[in-house]
Amino acid sequence: MSDKKPKRREFLFTATTAVGAVGAAAVVWPMVDQMNPDASVKALASTEVDVSSVKPGNTITVLWRGKPVFIRRRTKEEIEEARSVKMEELIHPEKDEDRAKNPEWLVMLGVCTHLGCVPLNDKGDYNGWFCPCHGSHYDTSGRIRKGPAPWNMEVPKYEFVNANTIKIG
Amino acid sequence: MSDHDYKPKSKVGQWFNDRLPLLTLANHLTDYPTPKNLNYWWTFGGILTFCLITQIITGLTLAMHYIAHADMAFESVEHIMRDVNYGWLIRYIHANGASMFFLAVYIHIFRSLFYGSYKSPREIIWILGIIIYLLMMAAAFMGYVLPWGQMSFWGATVITNLFSAIPFVGEGIVTWLWGGYSVDNPTLTRFFTLHYLIPFLILGLVVLHIWALHVPGNNNPVGIDIKKPSKDTVPFHPYIVIKDGFALLMFMIVFAFFVFYTPNILGHADNYIEANPMVTPAHIVPEWYLLPFYAILRSVPDKLLGVVAMLSAILILAALPWLDTSKIRSAVFRPLYKQFYWILVADVLILGYVGAMPAEGLYLLIARVATAYYFLHFLVILPVLGFKERTLPIPLSITEPILGGSPNLAAARHGESKIK
(Lines give C-alpha, C1' and ligand atoms only; values in the text may rest on other atoms or scores of the structure.)
Protein backbone atom coordinates (compact mmCIF):
# COMPACT_ATOMS: atom_id res chain seq x y z
CA MET A 1 0.00 0.00 0.00
CA SER A 2 2.66 2.49 1.03
CA ASP A 3 4.83 1.98 -2.07
CA LYS A 4 1.88 1.82 -4.44
CA LYS A 5 0.50 5.27 -3.63
CA PRO A 6 3.43 7.43 -4.79
CA LYS A 7 3.49 5.58 -8.13
CA ARG A 8 -0.15 6.38 -8.73
CA ARG A 9 0.51 10.03 -7.86
CA GLU A 10 3.53 10.14 -10.13
CA PHE A 11 1.51 8.73 -12.98
CA LEU A 12 -1.31 11.22 -12.47
CA PHE A 13 1.17 14.06 -12.20
CA THR A 14 3.00 13.11 -15.40
CA ALA A 15 -0.21 12.44 -17.30
CA THR A 16 -1.75 15.74 -16.25
CA THR A 17 1.39 17.67 -17.17
CA ALA A 18 1.52 15.93 -20.56
CA VAL A 19 -2.11 16.74 -21.34
CA GLY A 20 -1.53 20.30 -20.22
CA ALA A 21 1.55 20.63 -22.43
CA VAL A 22 -0.26 19.27 -25.49
CA GLY A 23 -3.15 21.61 -24.81
CA ALA A 24 -0.84 24.60 -24.43
CA ALA A 25 0.95 23.77 -27.68
CA ALA A 26 -2.39 23.37 -29.46
CA VAL A 27 -3.37 26.88 -28.35
CA VAL A 28 0.01 28.49 -29.00
CA TRP A 29 0.36 27.26 -32.57
CA PRO A 30 -2.77 29.01 -33.94
CA MET A 31 -1.63 32.18 -32.16
CA VAL A 32 1.75 31.97 -33.90
CA ASP A 33 0.50 30.80 -37.27
CA GLN A 34 -2.13 33.54 -37.60
CA MET A 35 0.78 35.89 -38.32
CA ASN A 36 1.88 33.92 -41.41
CA PRO A 37 0.66 35.03 -44.88
CA ASP A 38 -3.10 34.51 -45.07
CA ALA A 39 -5.14 32.99 -47.91
CA SER A 40 -5.83 36.36 -49.56
CA VAL A 41 -2.12 37.22 -49.61
CA LYS A 42 -1.23 33.83 -51.05
CA ALA A 43 -3.92 34.19 -53.71
CA LEU A 44 -1.99 37.04 -55.32
CA ALA A 45 0.83 34.69 -56.18
CA SER A 46 1.24 35.31 -59.94
CA THR A 47 1.34 38.27 -62.32
CA GLU A 48 1.42 38.49 -66.14
CA VAL A 49 3.46 41.25 -67.75
CA ASP A 50 3.42 42.50 -71.35
CA VAL A 51 7.04 43.21 -72.29
CA SER A 52 6.58 44.06 -75.99
CA SER A 53 7.39 47.74 -75.46
CA VAL A 54 10.69 47.20 -73.64
CA LYS A 55 13.65 48.23 -75.80
CA PRO A 56 17.16 46.73 -75.43
CA GLY A 57 19.01 48.39 -72.58
CA ASN A 58 15.80 49.27 -70.73
CA THR A 59 14.37 47.94 -67.51
CA ILE A 60 10.78 47.90 -66.36
CA THR A 61 9.77 47.37 -62.78
CA VAL A 62 6.56 45.56 -61.90
CA LEU A 63 5.05 44.73 -58.55
CA TRP A 64 4.69 41.06 -57.62
CA ARG A 65 3.68 39.97 -54.12
CA GLY A 66 4.31 43.55 -52.96
CA LYS A 67 7.89 43.40 -54.18
CA PRO A 68 9.40 45.07 -57.25
CA VAL A 69 10.52 42.76 -60.06
CA PHE A 70 13.09 44.03 -62.56
CA ILE A 71 12.60 42.92 -66.15
CA ARG A 72 15.60 44.02 -68.19
CA ARG A 73 16.09 43.56 -71.90
CA ARG A 74 19.85 43.33 -72.01
CA THR A 75 22.14 44.58 -74.76
CA LYS A 76 24.70 42.30 -76.42
CA GLU A 77 27.53 43.92 -74.47
CA GLU A 78 25.78 43.35 -71.17
CA ILE A 79 25.17 39.70 -71.94
CA GLU A 80 28.77 39.27 -72.99
CA GLU A 81 29.98 41.02 -69.85
CA ALA A 82 27.78 38.83 -67.65
CA ARG A 83 28.84 35.59 -69.33
CA SER A 84 32.57 36.28 -69.45
CA VAL A 85 32.97 36.58 -65.66
CA LYS A 86 34.96 33.78 -64.03
CA MET A 87 33.14 31.92 -61.26
CA GLU A 88 36.05 32.44 -58.86
CA GLU A 89 35.48 36.20 -58.92
CA LEU A 90 31.93 35.89 -57.64
CA ILE A 91 30.79 36.15 -54.04
CA HIS A 92 27.78 33.94 -54.76
CA PRO A 93 28.81 31.92 -57.83
CA GLU A 94 25.98 31.44 -60.32
CA LYS A 95 26.28 31.16 -64.09
CA ASP A 96 24.49 33.82 -66.10
CA GLU A 97 23.19 30.99 -68.29
CA ASP A 98 21.29 29.65 -65.27
CA ARG A 99 19.96 33.04 -64.23
CA ALA A 100 18.74 34.16 -67.66
CA LYS A 101 17.52 31.20 -69.73
CA ASN A 102 16.74 33.60 -72.56
CA PRO A 103 19.91 35.72 -72.48
CA GLU A 104 18.15 38.84 -73.70
CA TRP A 105 15.79 38.89 -70.73
CA LEU A 106 16.86 39.14 -67.13
CA VAL A 107 13.97 38.75 -64.69
CA MET A 108 14.73 39.07 -60.99
CA LEU A 109 13.40 40.46 -57.72
CA GLY A 110 14.51 44.07 -57.44
CA VAL A 111 15.30 43.52 -53.80
CA CYS A 112 18.77 43.86 -52.36
CA THR A 113 19.62 40.67 -50.46
CA HIS A 114 21.23 42.68 -47.70
CA LEU A 115 18.29 44.40 -46.03
CA GLY A 116 15.64 44.61 -48.73
CA CYS A 117 16.04 48.03 -50.40
CA VAL A 118 15.40 48.51 -54.13
CA PRO A 119 18.72 48.88 -56.00
CA LEU A 120 19.10 51.58 -58.68
CA ASN A 121 19.41 50.71 -62.39
CA ASP A 122 22.57 51.34 -64.43
CA LYS A 123 24.61 52.28 -61.40
CA GLY A 124 27.55 50.92 -59.49
CA ASP A 125 31.02 49.67 -60.35
CA TYR A 126 29.78 46.71 -62.42
CA ASN A 127 27.34 48.49 -64.79
CA GLY A 128 24.42 46.71 -63.24
CA TRP A 129 22.69 47.83 -60.06
CA PHE A 130 23.69 49.73 -56.99
CA CYS A 131 21.86 49.68 -53.66
CA PRO A 132 21.82 53.15 -52.10
CA CYS A 133 21.11 51.90 -48.59
CA HIS A 134 24.33 50.17 -47.68
CA GLY A 135 26.35 50.22 -50.88
CA SER A 136 26.00 46.80 -52.55
CA HIS A 137 27.12 46.60 -56.23
CA TYR A 138 25.49 44.12 -58.62
CA ASP A 139 26.64 43.20 -62.15
CA THR A 140 24.65 42.95 -65.40
CA SER A 141 23.39 39.56 -64.29
CA GLY A 142 22.21 40.91 -60.93
CA ARG A 143 24.98 39.09 -59.09
CA ILE A 144 26.51 40.59 -55.99
CA ARG A 145 30.06 41.79 -56.63
CA LYS A 146 30.88 44.21 -53.84
CA GLY A 147 29.28 45.32 -50.56
CA PRO A 148 27.46 43.73 -47.62
CA ALA A 149 24.77 41.76 -49.51
CA PRO A 150 25.38 38.01 -49.19
CA TRP A 151 23.58 36.69 -52.29
CA ASN A 152 22.70 37.54 -55.89
CA MET A 153 19.33 39.12 -56.51
CA GLU A 154 16.80 36.32 -56.56
CA VAL A 155 15.40 35.02 -59.83
CA PRO A 156 11.72 34.17 -59.27
CA LYS A 157 9.87 31.38 -61.02
CA TYR A 158 8.69 32.78 -64.37
CA GLU A 159 7.88 31.70 -67.90
CA PHE A 160 7.17 33.19 -71.30
CA VAL A 161 3.49 32.62 -71.96
CA ASN A 162 4.09 33.87 -75.51
CA ALA A 163 6.79 35.97 -77.18
CA ASN A 164 5.60 39.18 -75.51
CA THR A 165 4.22 38.07 -72.16
CA ILE A 166 6.04 36.93 -69.04
CA LYS A 167 4.18 35.21 -66.24
CA ILE A 168 5.85 35.66 -62.87
CA GLY A 169 5.08 33.22 -60.07
CA MET B 1 12.57 49.71 5.39
CA SER B 2 11.32 51.61 8.36
CA ASP B 3 7.68 52.00 7.41
CA HIS B 4 6.34 48.57 8.37
CA ASP B 5 4.88 50.00 11.56
CA TYR B 6 3.13 52.88 9.81
CA LYS B 7 -0.37 53.52 11.20
CA PRO B 8 -2.83 55.92 9.54
CA LYS B 9 -4.18 58.61 11.87
CA SER B 10 -7.87 58.36 11.04
CA LYS B 11 -10.11 55.39 11.95
CA VAL B 12 -11.27 55.07 8.32
CA GLY B 13 -7.67 55.15 7.18
CA GLN B 14 -6.77 52.36 9.57
CA TRP B 15 -9.78 50.32 8.52
CA PHE B 16 -8.84 50.70 4.84
CA ASN B 17 -5.12 50.19 5.36
CA ASP B 18 -5.66 46.95 7.26
CA ARG B 19 -7.49 45.60 4.22
CA LEU B 20 -5.34 47.13 1.46
CA PRO B 21 -2.12 48.78 2.67
CA LEU B 22 -2.09 51.52 0.02
CA LEU B 23 -1.51 54.18 2.67
CA THR B 24 1.56 52.29 3.88
CA LEU B 25 2.83 52.40 0.30
CA ALA B 26 2.10 56.13 0.01
CA ASN B 27 3.88 56.70 3.31
CA HIS B 28 6.86 54.69 2.14
CA LEU B 29 7.07 56.78 -1.04
CA THR B 30 6.88 60.15 0.71
CA ASP B 31 9.23 59.29 3.59
CA TYR B 32 11.60 57.25 1.41
CA PRO B 33 15.09 58.28 2.63
CA THR B 34 17.14 59.72 -0.24
CA PRO B 35 20.85 60.62 -0.20
CA LYS B 36 21.04 64.35 0.36
CA ASN B 37 23.82 64.90 -2.18
CA LEU B 38 21.83 63.81 -5.26
CA ASN B 39 22.62 66.22 -8.12
CA TYR B 40 20.54 67.17 -11.16
CA TRP B 41 21.69 64.08 -13.10
CA TRP B 42 19.45 62.17 -10.67
CA THR B 43 16.31 64.02 -11.77
CA PHE B 44 16.00 62.11 -15.05
CA GLY B 45 14.15 59.18 -13.48
CA GLY B 46 11.24 61.50 -12.75
CA ILE B 47 11.59 63.14 -16.17
CA LEU B 48 11.43 59.72 -17.83
CA THR B 49 8.25 58.86 -15.95
CA PHE B 50 6.79 62.10 -17.25
CA CYS B 51 7.88 61.18 -20.81
CA LEU B 52 6.21 57.77 -20.57
CA ILE B 53 2.93 59.20 -19.29
CA THR B 54 3.02 61.89 -22.00
CA GLN B 55 3.53 59.28 -24.73
CA ILE B 56 0.71 57.13 -23.38
CA ILE B 57 -1.79 60.01 -23.16
CA THR B 58 -0.93 61.56 -26.54
CA GLY B 59 -0.77 58.08 -28.07
CA LEU B 60 -4.23 57.18 -26.81
CA THR B 61 -5.70 60.38 -28.24
CA LEU B 62 -3.93 59.89 -31.59
CA ALA B 63 -5.27 56.34 -31.77
CA MET B 64 -8.81 57.78 -31.68
CA HIS B 65 -8.18 59.40 -35.08
CA TYR B 66 -5.57 57.20 -36.74
CA ILE B 67 -6.54 54.39 -39.13
CA ALA B 68 -4.20 51.41 -39.25
CA HIS B 69 -4.62 50.44 -42.89
CA ALA B 70 -2.04 50.65 -45.68
CA ASP B 71 -4.45 52.60 -47.91
CA MET B 72 -5.59 55.05 -45.24
CA ALA B 73 -2.83 55.43 -42.65
CA PHE B 74 -0.93 58.18 -44.45
CA GLU B 75 -4.08 60.17 -45.11
CA SER B 76 -5.36 59.70 -41.57
CA VAL B 77 -2.14 61.20 -40.21
CA GLU B 78 -2.59 64.21 -42.51
CA HIS B 79 -6.21 64.33 -41.33
CA ILE B 80 -4.92 64.52 -37.75
CA MET B 81 -2.53 67.30 -38.74
CA ARG B 82 -5.10 69.41 -40.63
CA ASP B 83 -8.63 68.57 -39.48
CA VAL B 84 -8.62 67.20 -35.94
CA ASN B 85 -8.88 69.93 -33.27
CA TYR B 86 -5.35 70.41 -31.92
CA GLY B 87 -4.37 67.25 -33.80
CA TRP B 88 -1.15 68.94 -34.95
CA LEU B 89 -0.26 69.67 -31.33
CA ILE B 90 -0.96 66.17 -30.08
CA ARG B 91 0.96 64.56 -32.92
CA TYR B 92 3.94 66.90 -32.61
CA ILE B 93 4.07 66.24 -28.85
CA HIS B 94 3.96 62.50 -29.51
CA ALA B 95 6.58 62.53 -32.29
CA ASN B 96 8.98 64.87 -30.49
CA GLY B 97 8.13 63.19 -27.21
CA ALA B 98 9.79 60.03 -28.52
CA SER B 99 13.00 61.97 -29.11
CA MET B 100 12.76 63.65 -25.72
CA PHE B 101 12.22 60.25 -24.12
CA PHE B 102 15.43 58.95 -25.69
CA LEU B 103 17.34 62.12 -24.85
CA ALA B 104 16.37 61.65 -21.21
CA VAL B 105 17.08 57.92 -21.21
CA TYR B 106 20.57 58.44 -22.64
CA ILE B 107 21.36 60.97 -19.93
CA HIS B 108 19.92 58.54 -17.36
CA ILE B 109 22.07 55.67 -18.69
CA PHE B 110 25.25 57.73 -18.86
CA ARG B 111 24.56 58.98 -15.33
CA SER B 112 24.59 55.33 -14.24
CA LEU B 113 27.82 54.71 -16.13
CA PHE B 114 29.56 57.68 -14.51
CA TYR B 115 28.49 57.00 -10.93
CA GLY B 116 28.61 53.19 -11.15
CA SER B 117 24.92 52.85 -10.29
CA TYR B 118 24.77 49.47 -12.05
CA LYS B 119 27.10 47.83 -9.54
CA SER B 120 26.18 45.51 -6.70
CA PRO B 121 23.61 45.57 -5.15
CA ARG B 122 21.78 47.34 -8.01
CA GLU B 123 22.31 44.86 -10.89
CA ILE B 124 18.62 43.97 -11.18
CA ILE B 125 17.61 47.64 -11.41
CA TRP B 126 20.16 48.04 -14.20
CA ILE B 127 19.03 44.96 -16.14
CA LEU B 128 15.38 45.98 -15.85
CA GLY B 129 16.47 49.34 -17.23
CA ILE B 130 18.15 47.69 -20.23
CA ILE B 131 14.96 45.71 -20.94
CA ILE B 132 12.95 48.94 -20.76
CA TYR B 133 15.44 50.55 -23.15
CA LEU B 134 15.07 47.64 -25.62
CA LEU B 135 11.27 47.90 -25.43
CA MET B 136 11.53 51.66 -25.97
CA MET B 137 13.49 51.03 -29.17
CA ALA B 138 10.89 48.51 -30.34
CA ALA B 139 8.03 50.90 -29.57
CA ALA B 140 9.78 53.83 -31.26
CA PHE B 141 10.55 51.79 -34.36
CA MET B 142 6.99 50.51 -34.74
CA GLY B 143 5.56 53.94 -34.03
CA TYR B 144 7.70 55.39 -36.79
CA VAL B 145 6.17 52.89 -39.23
CA LEU B 146 2.57 53.91 -38.51
CA PRO B 147 2.40 57.14 -40.60
CA TRP B 148 3.18 54.92 -43.62
CA GLY B 149 5.52 57.39 -45.28
CA GLN B 150 8.57 56.46 -47.33
CA MET B 151 10.87 56.33 -44.29
CA SER B 152 8.26 54.33 -42.37
CA PHE B 153 8.04 51.75 -45.12
CA TRP B 154 11.73 51.42 -45.87
CA GLY B 155 12.74 51.61 -42.24
CA ALA B 156 10.36 48.73 -41.57
CA THR B 157 11.77 46.82 -44.55
CA VAL B 158 15.39 47.25 -43.49
CA ILE B 159 14.85 46.48 -39.81
CA THR B 160 12.64 43.42 -40.35
CA ASN B 161 15.18 42.18 -42.89
CA LEU B 162 17.76 42.09 -40.11
CA PHE B 163 16.09 38.84 -39.08
CA SER B 164 16.81 37.32 -42.50
CA ALA B 165 20.46 37.19 -41.40
CA ILE B 166 19.59 34.26 -39.09
CA PRO B 167 20.83 31.09 -40.82
CA PHE B 168 18.23 28.65 -42.25
CA VAL B 169 15.09 30.02 -40.57
CA GLY B 170 15.70 33.72 -41.26
CA GLU B 171 13.57 34.05 -44.41
CA GLY B 172 10.71 32.17 -42.77
CA ILE B 173 10.83 34.45 -39.74
CA VAL B 174 10.75 37.57 -41.92
CA THR B 175 7.72 36.29 -43.86
CA TRP B 176 6.07 35.51 -40.54
CA LEU B 177 6.81 39.00 -39.21
CA TRP B 178 5.42 40.59 -42.37
CA GLY B 179 2.39 38.35 -42.75
CA GLY B 180 3.14 38.37 -46.47
CA TYR B 181 6.00 38.58 -48.94
CA SER B 182 6.81 42.21 -48.26
CA VAL B 183 5.99 44.92 -45.72
CA ASP B 184 2.29 45.54 -46.33
CA ASN B 185 -1.06 45.96 -44.62
CA PRO B 186 -0.75 42.89 -42.33
CA THR B 187 2.60 44.29 -41.14
CA LEU B 188 1.06 47.68 -40.42
CA THR B 189 -1.85 46.33 -38.39
CA ARG B 190 0.34 44.14 -36.20
CA PHE B 191 2.85 46.94 -35.67
CA PHE B 192 -0.01 49.17 -34.54
CA THR B 193 -1.18 46.52 -32.08
CA LEU B 194 2.30 46.05 -30.63
CA HIS B 195 3.00 49.77 -30.58
CA TYR B 196 -0.13 50.13 -28.46
CA LEU B 197 0.86 47.28 -26.14
CA ILE B 198 4.54 48.01 -25.46
CA PRO B 199 4.12 51.26 -23.46
CA PHE B 200 2.02 49.38 -20.94
CA LEU B 201 4.68 46.68 -20.68
CA ILE B 202 7.19 49.47 -20.08
CA LEU B 203 4.92 50.92 -17.41
CA GLY B 204 4.88 47.55 -15.61
CA LEU B 205 8.66 47.28 -15.85
CA VAL B 206 9.04 50.83 -14.53
CA VAL B 207 7.13 49.77 -11.42
CA LEU B 208 9.57 46.85 -10.98
CA HIS B 209 12.51 49.18 -11.72
CA ILE B 210 11.42 51.54 -8.93
CA TRP B 211 10.58 48.68 -6.60
CA ALA B 212 14.05 47.21 -7.10
CA LEU B 213 15.50 50.68 -6.53
CA HIS B 214 13.69 51.08 -3.23
CA VAL B 215 15.26 47.91 -1.82
CA PRO B 216 18.89 49.16 -1.60
CA GLY B 217 17.95 52.84 -2.07
CA ASN B 218 19.52 55.37 -4.43
CA ASN B 219 23.15 55.40 -5.34
CA ASN B 220 24.67 58.88 -4.97
CA PRO B 221 27.47 61.01 -6.48
CA VAL B 222 29.97 59.81 -3.89
CA GLY B 223 28.95 56.23 -4.59
CA ILE B 224 29.28 54.94 -1.03
CA ASP B 225 26.76 52.89 0.95
CA ILE B 226 24.92 55.07 3.44
CA LYS B 227 22.82 54.37 6.48
CA LYS B 228 19.10 54.99 5.94
CA PRO B 229 17.60 57.01 7.41
CA SER B 230 20.48 59.05 8.81
CA LYS B 231 22.16 62.46 8.67
CA ASP B 232 23.08 61.55 5.09
CA THR B 233 19.49 61.27 3.89
CA VAL B 234 16.47 63.49 3.36
CA PRO B 235 12.87 62.32 2.88
CA PHE B 236 11.76 62.04 -0.75
CA HIS B 237 8.93 64.47 -0.10
CA PRO B 238 9.32 67.43 -0.20
CA TYR B 239 13.07 67.60 -0.96
CA ILE B 240 13.39 65.38 -4.04
CA VAL B 241 9.88 66.12 -5.27
CA ILE B 242 10.72 69.84 -5.47
CA LYS B 243 14.09 69.24 -7.09
CA ASP B 244 12.63 66.78 -9.64
CA GLY B 245 9.80 69.21 -10.29
CA PHE B 246 12.18 72.06 -11.05
CA ALA B 247 14.30 69.89 -13.36
CA LEU B 248 11.16 68.68 -15.10
CA LEU B 249 10.13 72.27 -15.75
CA MET B 250 13.51 73.02 -17.38
CA PHE B 251 13.16 69.85 -19.45
CA MET B 252 9.68 70.85 -20.57
CA ILE B 253 11.05 74.15 -21.89
CA VAL B 254 13.41 72.21 -24.19
CA PHE B 255 10.53 69.89 -25.11
CA ALA B 256 8.25 72.82 -25.91
CA PHE B 257 10.97 74.46 -27.99
CA PHE B 258 11.03 71.46 -30.31
CA VAL B 259 7.25 71.08 -30.42
CA PHE B 260 6.50 74.73 -31.20
CA TYR B 261 9.55 76.00 -33.08
CA THR B 262 11.14 73.08 -34.95
CA PRO B 263 8.65 70.20 -34.79
CA ASN B 264 10.12 68.44 -37.84
CA ILE B 265 13.83 68.95 -37.34
CA LEU B 266 14.30 65.52 -35.77
CA GLY B 267 12.29 63.75 -38.49
CA HIS B 268 12.94 63.14 -42.17
CA ALA B 269 11.25 65.02 -45.03
CA ASP B 270 10.91 61.72 -46.93
CA ASN B 271 8.32 60.58 -44.44
CA TYR B 272 5.87 63.15 -45.81
CA ILE B 273 5.84 61.12 -49.05
CA GLU B 274 3.46 58.18 -48.96
CA ALA B 275 5.00 54.71 -48.84
CA ASN B 276 6.00 53.39 -52.26
CA PRO B 277 7.26 49.80 -52.46
CA MET B 278 8.82 50.47 -55.91
CA VAL B 279 11.25 53.22 -54.88
CA THR B 280 13.73 53.31 -52.02
CA PRO B 281 14.71 56.80 -50.81
CA ALA B 282 18.27 57.68 -51.83
CA HIS B 283 19.49 57.93 -48.27
CA ILE B 284 17.93 55.79 -45.54
CA VAL B 285 18.78 56.72 -41.98
CA PRO B 286 17.00 55.77 -38.77
CA GLU B 287 15.93 58.29 -36.16
CA TRP B 288 18.83 60.01 -34.39
CA TYR B 289 18.58 57.89 -31.24
CA LEU B 290 19.34 54.67 -33.13
CA LEU B 291 22.24 56.04 -35.19
CA PRO B 292 25.15 54.69 -33.08
CA PHE B 293 23.83 51.15 -33.44
CA TYR B 294 23.14 51.70 -37.12
CA ALA B 295 26.77 52.77 -37.56
CA ILE B 296 27.91 49.54 -35.86
CA LEU B 297 25.65 47.49 -38.16
CA ARG B 298 27.09 49.11 -41.26
CA SER B 299 30.71 49.01 -40.16
CA VAL B 300 30.78 45.20 -40.42
CA PRO B 301 30.99 44.04 -44.05
CA ASP B 302 29.23 40.72 -43.37
CA LYS B 303 25.43 40.64 -43.09
CA LEU B 304 25.06 38.17 -40.20
CA LEU B 305 28.07 39.47 -38.27
CA GLY B 306 26.83 43.04 -38.70
CA VAL B 307 23.51 42.15 -37.08
CA VAL B 308 25.30 40.21 -34.34
CA ALA B 309 27.60 43.18 -33.64
CA MET B 310 24.67 45.58 -33.45
CA LEU B 311 22.71 43.40 -31.02
CA SER B 312 25.81 42.69 -28.94
CA ALA B 313 26.44 46.41 -28.61
CA ILE B 314 23.15 46.69 -26.73
CA LEU B 315 23.16 43.38 -24.87
CA ILE B 316 26.73 43.88 -23.64
CA LEU B 317 25.28 46.56 -21.37
CA ALA B 318 23.35 43.90 -19.45
CA ALA B 319 26.67 42.24 -18.52
CA LEU B 320 28.18 45.53 -17.39
CA PRO B 321 27.85 44.89 -13.61
CA TRP B 322 30.19 41.92 -14.06
CA LEU B 323 32.48 43.39 -16.71
CA ASP B 324 33.34 46.33 -14.46
CA THR B 325 35.55 44.72 -11.82
CA SER B 326 36.19 47.85 -9.76
CA LYS B 327 34.76 47.91 -6.24
CA ILE B 328 34.56 51.72 -6.29
CA ARG B 329 31.30 52.96 -7.77
CA SER B 330 31.69 56.66 -8.49
CA ALA B 331 34.02 57.92 -11.22
CA VAL B 332 34.80 60.80 -8.87
CA PHE B 333 37.26 58.49 -7.11
CA ARG B 334 38.43 56.69 -10.25
CA PRO B 335 40.83 59.04 -12.09
CA LEU B 336 41.52 56.66 -14.98
CA TYR B 337 37.98 55.43 -15.41
CA LYS B 338 36.82 59.04 -15.54
CA GLN B 339 38.97 59.61 -18.63
CA PHE B 340 37.85 56.41 -20.32
CA TYR B 341 34.27 57.36 -19.52
CA TRP B 342 34.54 60.59 -21.50
CA ILE B 343 36.31 58.79 -24.34
CA LEU B 344 33.34 56.38 -24.45
CA VAL B 345 30.89 59.31 -24.55
CA ALA B 346 32.85 60.81 -27.46
CA ASP B 347 33.00 57.39 -29.14
CA VAL B 348 29.20 56.97 -29.00
CA LEU B 349 28.68 60.52 -30.32
CA ILE B 350 31.09 59.82 -33.18
CA LEU B 351 29.24 56.58 -33.97
CA GLY B 352 26.01 58.57 -34.02
CA TYR B 353 27.51 61.09 -36.42
CA VAL B 354 28.94 58.56 -38.88
CA GLY B 355 25.70 56.59 -38.65
CA ALA B 356 23.98 59.55 -40.28
CA MET B 357 26.60 59.79 -43.04
CA PRO B 358 26.92 57.52 -46.09
CA ALA B 359 28.79 54.29 -45.31
CA GLU B 360 31.83 54.85 -47.53
CA GLY B 361 35.38 56.14 -47.55
CA LEU B 362 36.57 57.95 -44.44
CA TYR B 363 33.18 57.68 -42.68
CA LEU B 364 33.32 53.91 -42.93
CA LEU B 365 36.86 53.85 -41.56
CA ILE B 366 35.89 56.06 -38.62
CA ALA B 367 32.83 53.89 -37.97
CA ARG B 368 35.02 50.78 -37.86
CA VAL B 369 37.54 52.27 -35.46
CA ALA B 370 34.75 53.62 -33.22
CA THR B 371 32.94 50.25 -33.26
CA ALA B 372 36.15 48.44 -32.28
CA TYR B 373 36.74 50.93 -29.48
CA TYR B 374 33.17 50.55 -28.18
CA PHE B 375 33.69 46.83 -27.63
CA LEU B 376 37.25 47.35 -26.39
CA HIS B 377 35.91 49.65 -23.66
CA PHE B 378 33.50 47.08 -22.27
CA LEU B 379 35.41 43.86 -22.90
CA VAL B 380 39.00 44.87 -22.15
CA ILE B 381 39.37 48.31 -20.58
CA LEU B 382 36.69 47.96 -17.88
CA PRO B 383 37.70 44.49 -16.60
CA VAL B 384 41.42 45.37 -16.54
CA LEU B 385 40.91 48.81 -15.02
CA GLY B 386 39.32 47.31 -11.92
CA PHE B 387 42.59 45.59 -11.07
CA LYS B 388 45.12 48.16 -12.30
CA GLU B 389 43.60 51.47 -11.32
CA ARG B 390 44.75 53.34 -8.21
CA THR B 391 41.55 54.80 -6.86
CA LEU B 392 41.30 57.85 -4.62
CA PRO B 393 40.25 57.44 -0.98
CA ILE B 394 36.50 57.46 -0.57
CA PRO B 395 34.83 59.30 2.32
CA LEU B 396 33.11 57.39 5.11
CA SER B 397 29.88 59.32 4.74
CA ILE B 398 28.32 62.02 2.60
CA THR B 399 28.61 64.55 5.40
CA GLU B 400 32.21 63.78 6.30
CA PRO B 401 34.08 65.65 3.53
CA ILE B 402 32.11 68.79 4.42
CA LEU B 403 32.02 68.60 8.20
CA GLY B 404 34.38 65.93 9.38
CA GLY B 405 38.05 66.82 9.31
CA SER B 406 40.68 66.70 6.59
CA PRO B 407 40.71 64.39 3.57
CA ASN B 408 43.90 62.89 5.03
CA LEU B 409 41.97 61.67 8.01
CA ALA B 410 39.46 60.13 5.67
CA ALA B 411 42.28 58.52 3.73
CA ALA B 412 43.76 57.09 6.90
CA ARG B 413 40.42 55.65 7.98
CA HIS B 414 39.88 54.24 4.51
CA GLY B 415 43.23 52.47 4.67
CA GLU B 416 42.39 51.20 8.13
CA SER B 417 39.11 49.70 7.06
CA LYS B 418 40.85 47.99 4.16
CA ILE B 419 43.35 46.30 6.49
CA LYS B 420 40.52 44.95 8.58
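User: Is the crossing of α5(B) and α14(B) left-handed or right-handed?
Analyst: The model is predicted. In it, the axes of α5(B) and α14(B) come within 10 Å. As for the hand, the crossing of these two helices is right-handed.

User: How are α5(B) and α14(B) oriented to each other, roughly?
Analyst: Their axes cross at roughly 155°. An angle over 145 degrees counts as roughly antiparallel. So α5(B) and α14(B) are roughly antiparallel.

User: How many charged residues are in the contact of α5(B) with α14(B)?
Analyst: From α5(B) come Phe110(B), Arg111(B), Leu113(B) and Phe114(B). They meet Tyr337(B), Lys338(B), Tyr341(B), Trp342(B), Leu344(B), Val345(B) and Val348(B) of α14(B). By class there are 9 nonpolar residues and no polar ones, and the charged number 2.

User: Which way does α3(B) run relative to α5(B), roughly?
Analyst: Helix α3 of chain B spans residues 44–63, and helix α5 of chain B spans residues 87–115. Their axes come within 9 Å and cross at roughly 155°. That angle makes α3(B), relative to α5(B), roughly antiparallel.

User: What hand does the crossing of α3(B) and α5(B) have?
Analyst: The two axes come within 9 Å. Where α3(B) passes α5(B), the crossing is left-handed.

User: How many polar residues are in the contact of α3(B) with α5(B)?
Analyst: The α3(B) side includes Gly45(B), Thr54(B), Gln55(B) and Thr58(B), and the α5(B) side includes His94(B), Gly97(B) and His108(B). The contact has 14 nonpolar residues and 1 charged, while the polar count is 9.

User: How far apart in sequence are the parts that the pair of Phe50(B) and Phe255(B) ties together?
Analyst: Over all chains there are 31 aromatic pairs. Among them, Phe50(B) and Phe255(B) pair edge-to-face, 6.5 Å centre to centre with 80° between the planes. Phe50(B) lies in helix α3 of chain B and Phe255(B) in helix α10 of chain B, so the parts are apart by 205 residues.

User: How many residues apart are Phe114(B) and Trp342(B)?
Analyst: Phe114(B) and Trp342(B) form a tilted pair, 6.4 Å centre to centre with 55° between the planes. Both belong to a ring-pair cluster that includes Trp42(B), Phe110(B) and Tyr341(B). Phe114(B) sits in helix α5 of chain B and Trp342(B) in helix α14 of chain B, and their separation in residues is 228.

Conventions: Residues numbered from 1 in each chain as written. Chains lettered and ligands numbered in written order. Predicted model: local features only at pLDDT ≥ 70, side-chain atom pairs only at ≥ 80, totals over all residues. Heavy atoms only, no water. Axes fitted to C-alpha atoms, helices over the stretch in contact; angles between N-to-C directions. Helix = DSSP H or I, 4+ residues; strand = E, 2+ residues; numbered from the N terminus. Parallel < 35°, antiparallel > 145°, perpendicular 65-115°, else oblique. Left-handed = near helix turned anticlockwise from the far one by under 90°. Contact = heavy atoms within 4.5 Å. Nonpolar A, V, L, I, M, F, W, Y, C, P; charged D, E, K, R; others polar. Phe/Tyr/Trp six-rings, centres within 6.5 Å; stacked < 30°, edge-to-face > 60°.
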